[in-house]
Amino acid sequence: MKVGLFVTCLVDLMRPSIGFAALRLLEAAGCEVVVPPTQTCCGQPGYNSGDRIAAKTLAKKVLKEFDGCDYIVVPSGSCGGMIRVHYPALFADEPALHETVQRVAERTYELTDFLVNVAKLESVPGRYSGPLTYHDSCSGLRELHVQAQPRALLAKLPGVKLAEMCESSTCCGFGGTFSVKFGDISARMADNKCVHIARTGAGAIVAGDLGCLLNIEGRLRRRGDLQTRVLHIAEVLAGEDGVCK
Amino acid sequence: MQVTAMHFKRKAAENLSNEKLQRALEKLQTKFVNGRAAAIAELPNFDQIRNAAADVRERVINNLDRYLLRFEQEATARGAVVHWAETADDVNRIVADIAVLHGVQRIVKSKSMVSEECGLNDYLESQGLNVLETDLGEYILQLAHEPPSHIVAPVVHKTKEDIADLFVDKHHRPRTTQIAELCREAREVLRPGFLAADMGISGGNFIIAETGSVLIITNEGNGRLSTTLPRVHVAVTGIEKVVPTLEDVTTLLRLLPRSATGQSITNYVSVLTGVKGRDDADGAEHFHIILLDNGRSRLLGTELQPMLRCIRCGACMNHCPVYQNIGGHAYGWVYPGPMGSVLTPSFVGLENALDLPNASTFCGQCAVVCPVKIPLPDLMRHLRNRQVERHLRPWQERAALRVWSWMAQHPALYALSTRVAARLLRLFAGGKKRLSHLPGASGWTEERDMPAPAGRTFRDLYRVGRRA
């Protein structure tokens, strides 16, 4: 099956290793992966800032770029939720596009959801060993019901011990532009998350969204925690040799 | 009540550093969040009940005129007088007129958020009337001259030590921090108030169209005393609170206390129908019901209509990570948390509450716990759309968004600029691999570092085939 990898703008700019890890996992699952070279952003910043016109323009671009893919896979519940849940809402007033949007939405998956429920990946190449804790990112959890999937995949790594934190499904405070507009509230929410992470004693905090990871890592480091590793689920599953230097 | 929602950011910052408030807010998690979870778990068919509850409310809102007229007809037939109030000022004037009509001097009040919307207490006091709040939380706030910070637990922002100090100051009795003792003390002070009152004012959790009844749920019993002891009972509530039948209201009652306080039912459920009959031992001789619009009907037929389903349980604020950290006063009006972020701009004007619809990470937990399935993040997003349409956002934000979306539409230019940005940021970060200052994003870096980019973009690496 032909899978289009939507890298996300954040991964592209900040941490390409996540994109390569996703690529490696999809290939391990036997997918033919294409990475449309002109892809940029799913339009969520505009959508959530009240600029529907900008959101629509970028959404149409995504629809065109991934035309012909059997599936679109996104290493982010947030961008995945944008395409799967919010694109249909965004184009509700354009009946001409409705069918296309609906078809694309239904075929868009968050990475771990896709690996477990569509590609039915048997084994994962990662070699992580030791206790780690998992943060459930909001959109993945509440819009795409991603909760069991990453845990099922982590369970395939014999060396991983999942040490669940308290309130793992409470928002870390990122929220896109919220993190800058309401920096102090956002940082307090991140701080609460850091406290819960520290209590698990895990050596790594893992999540499926780079936005959350940047937020959590930023607060951990400012608090003086230079030890706890902050990893995307794809990086853990794909193995650290998959991380591009 | 005065609107101070424009000071959201300042107030939120103050509250974040108020240690006493932060301690008080810890109650939300243990008492309300865990309490709700346990109470919901009691219901094996919770999802079905929730769907039914949302359906009842949706049906009402779609036929609001019909049910309201039926309510008026039934209530009137049972001796009540129904008043229609378009604005908060109308409510105040109507209540004052009723007081004059019946020669009222002393008023006891049971908790009513609609009366907070109207600033009713202040108005009545300005008319020379004596008003006593009898809900314990509201009584404490009346003593402290503070507005409520939560719609169900109005005094959640105070610790019991705060209340002990306040009682010493106002009651001149020995200090106690035992909750049972504090309650007893309040009861002793309030009891003569109930006995002396000529008028009781209450809210109405629901009004029932088929019987013309006002339904009130309380835990302290003050609601029942306020509505049955004085000669005159005035119930003030919003027009959206109507429910077709008693049967329908039981569906909602299975969810409201569970969602609000984690109780399977409140200590008191009062269904007040008509005036005291000839053979009745108790009840008010005069029963006035004031139904307030105050902007509600403006939401009908708009994207915001689902907000009218709200049954004021407070679950959205209890579960909101923003509310949990800043408390209710920051929201600057009667209704805090996610429901307030929709209601306040709707009622007092978009331009008077610019921060509120934006003060959400859209984590979605409010919509998950809402017993009547209001899509709160979608409604907040709609208000953000309206802010953009009405050019109410700051120019810097508009410019940044415009540049971003323009760049994202031009892949070649986008690739070039992200490539430069990734390298530059990496360079600035140095060996630390993180930035402690970022121009234009001080909101982020004030209390957080920004992890530095890896240095080369994905597309750059992918293009040259440097794949692992």
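The dialogue below takes up each chain, the contact between the chains, and the nonpolar core.

Author: This is a predicted model, in which local features need pLDDT of at least 70 and side-chain atom pairs count only at pLDDT 80 or more, while totals for chains, interfaces and linings use all residues. Residues are numbered from 1 along each chain as its sequence is written, and chains are lettered from A and ligands numbered from 1 in the order in which they are written.

Reader: How many helices and strands does chain A have?

Author: Helices (H or I, at least four residues) and strands (E, at least two) are DSSP runs, numbered from the N terminus. Chain A has 13 helices and eight strands.

Reader: What is the radius of gyration of chain A, and what does the globule rule give?

Author: The radius is taken over C-alpha atoms, and the rule is 2.2 Å times the number of residues to the power 0.38. For chain A the radius of gyration is 17 Å, close to the 18 Å that the rule gives for 245 residues, so chain A is as compact as a globular protein of that length.

Reader: What share of chain A is buried?

Author: A residue is buried if 20 or more other C-beta atoms, placed from the backbone, lie within 10 Å of its own. Buried residues form 62% of the 245 in chain A. In chain B, they form 49% of 468.

Reader: How is chain B divided?

Author: Domain bounds come from an automatic or database domain assignment. Chain B comprises domain 1 (45-297) and domain 2 (397-467), with 55 Å between their centres, taken over C-alpha atoms.

Reader: How many residues of each chain are in contact with the other?

Author: Two residues are in contact if their C-beta atoms, placed from the backbone, lie within 7 Å. Here 56 residues of chain A are in contact with 50 residues of chain B. Helix 11 of chain A gives the most to the side of chain A that touches chain B, with seven residues.

Reader: Which residues have the most contacts inside the largest nonpolar core?

Author: Such a core is a set of buried Ala, Val, Leu, Ile, Met, Phe, Trp, Tyr and Cys residues joined through C-beta atoms within 7 Å. The largest has 212 residues, and those with the most contacts inside it are A:Val73, B:Val91, B:Leu252 and B:Ile290. Helix 2 of chain A gives the most to this core, with seven residues. Leaving aside residues up to four places away in sequence, B:Ile290 touches residues including B:His83, B:Val91 and B:Val236.

Definitions and conventions: A residue is buried if 20 or more other C-beta atoms lie within 10 Å of its own, exposed if 12 or fewer, and partly exposed in between; C-beta atoms are placed from the backbone.
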